[in-house]
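Please read each point with the structure in view.

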Amino acid sequence: MPVFRDALPQLADRVFLTDTGIETTLIFHDGYQLPHFAAVTLLRDESGRRHLDRYFLQHADVAARSGTGFILESATWRASADWGNLLGYNRAALAEANRIAIETLIELRSGLDMDVVVSGCIGPRGDGYDGTARMTAKQARDYHAEQVQTLAGTDADMVHAMTITYPDEAVGLVLAAHEAQIPVAISFMLETDGALPDGTRLGEAIERVDDATGGTAAYYAINCAHPTHFGHVLAPGAAWTQRLRGVRANASRNSHAELDESASLDSGDPVELGRQYAELRSTLPNLTILGGCCGTDVRHLRAIAQTLPPA
């Protein structure tokens with residue numbers, strides 16, 4: 001049975017750490033060739049599963065030493081229908097990959113002595129760096145419903161849609177999760193001007209999704225952007241800012257276009273990033289979920305954790 005589906009603990013005041021840039025870590029540090037940036041392919045064999053286990057446990061150890069909670073985020077960002085077809089999964093095999101991803105995290109959680117939320121990660125239908133592929137909210141609900149329902153049928157506590165580039169897809173995801181009766185978080189990807197790739201302002205995006213769904217998303221987050229890209233758009237007194245609970249920032253200040261064209265990894269400065277997270281937490285009192293995205297790894301999470309007050 002899910003442990004926290006009825007009451008997500010990261011909605012209280014306690015900090016929860018999570019993992020960092022899983023795909024960039026696997027490719028640039030660990031030497032994996034991930035087709036279509038899909039970490040889910042490592043679940044196909046025992047060696048890949050063990051490697052993912054070590055990756056998650058490294059990050060969980062930072063949380064344990066810091067006295068925080070931890071969110072285990074499944075390696076299923078590329079495990080929806082269109083991406084599954086590109087990766088050679090049929091419908092049944094893709095559903096099984098989603099289930100296995102959660103089962104491995106449930107097993108990892110059983111060995112951890114802290115509050116651990118298990119989350120099913122969902123990615124956008126299109127390329128996360130390209131906001132041109134668009135759906136209506138209904139199309140997005142219909143597209144994502146199968147993966148959401150599969151994850152809802154596991155012991156996952158929630159689902160988390162990451163690198164979402166426009167509001168209508170977020171609306172569809174929230175509707176699909178509501179129908180599947182599982183909590184959902186939405187993480188928007190931002191450009192260097194602090195807006196979504198389609199040009200929508202962050203506050204407007206959150207308000208549009210909440211208005212269209214009755215505010216049923218558990219919370220919102222920012223990922224795949226450097227703190228210098230979005231710090232200036234945050235409005236601490238605004239109602240929409242209170243809905244922001246998480247940040248998974250990039251290590252690099254580069255734009256997505258620059259990152260997409262780069263043959264090397266920009267890991268930035270972990271210590272500086274940790275300080276920037278501390279500044280964000282002083283600006284956003286509801287910011288309780290801290291992790292990383294492209295270019296970050298466990299070094300960055302340690303630096304972030306070092307800025308936290310003693311547990």
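**Notes on helix packing, core and aromatic pairs**

1. The buried residues of H1 pack against H2. Contact here means heavy atoms within 4.5 Å, and buried means under 20% relative accessible area, with exposed over 50% and partly exposed in between (1.4 Å probe, protein chains only). Helix H1 spans residues 22-29, and its buried residues are Ile22, Glu23, Thr24, Thr25 and Leu26. Just after H1, glycine 31 adopts a positive phi of about 80°. Helices (H or I, at least four residues) and strands (E, at least two) are DSSP runs, numbered from the N terminus.

2. The model is predicted: local features need pLDDT of at least 70, side-chain atom pairs count only at pLDDT 80 or more, and totals for chains, interfaces and linings use all residues. Residues are numbered from 1 along each chain as its sequence is written, and side-chain values use heavy atoms, with hydrogens and water left out.

3. Helix H2 (residues 46-66) and helix H12 (residues 298-306) have axes that come within 10 Å and cross at roughly 10°. H2 is therefore roughly parallel to H12, a term for angles under 35 degrees. Axes are lines fitted to C-alpha atoms, for helices over the stretch in contact, and angles run from 0 to 180 degrees between N-to-C directions. From H2, Gln58, His59, Val62 and Ser66 meet Val298, Leu301, Arg302 and Ala305 of H12. The residues of this contact comprise four nonpolar, three polar and one charged.

4. The largest nonpolar core contains 81 residues. Such a core is a set of buried Ala, Val, Leu, Ile, Met, Phe, Trp, Tyr and Cys residues joined through side-chain atoms within 4.5 Å. Phe188 is among the residues with the most contacts inside the core. Beyond its neighbours within four places in sequence, phenylalanine 188 touches residues including Ile164, Leu202, Val209 and Tyr220. A second, separate core of 10 residues includes Val117 and Met158.

5. Three aromatic pairs are present; rings of Phe, Tyr and Trp (its six-membered ring) pair if their centres lie within 6.5 Å, and planes over 60 degrees apart count as edge-to-face. Phenylalanine 37 and tryptophan 77 form an edge-to-face pair, because their ring centres are 6.4 Å apart and their planes stand at 70°. Phenylalanine 37 is partly exposed at 26% relative accessibility, whereas tryptophan 77 is buried at 11%.

6. Tyrosine 55 and phenylalanine 56 also pair edge-to-face, with centres 5.2 Å apart and planes at 75°. Both tyrosine 55 and phenylalanine 56 are buried.

Technical notes. Angles under 35 degrees count as roughly parallel, over 145 as roughly antiparallel, 65 to 115 as roughly perpendicular and the rest as oblique. Ala, Val, Leu, Ile, Met, Phe, Trp, Tyr, Cys and Pro count as nonpolar, Asp, Glu, Lys and Arg as charged, and the others, Gly among them, as polar. Rings of Phe, Tyr and Trp (its six-membered ring) pair if their centres lie within 6.5 Å; planes under 30 degrees apart count as stacked, over 60 as edge-to-face and the rest as tilted.
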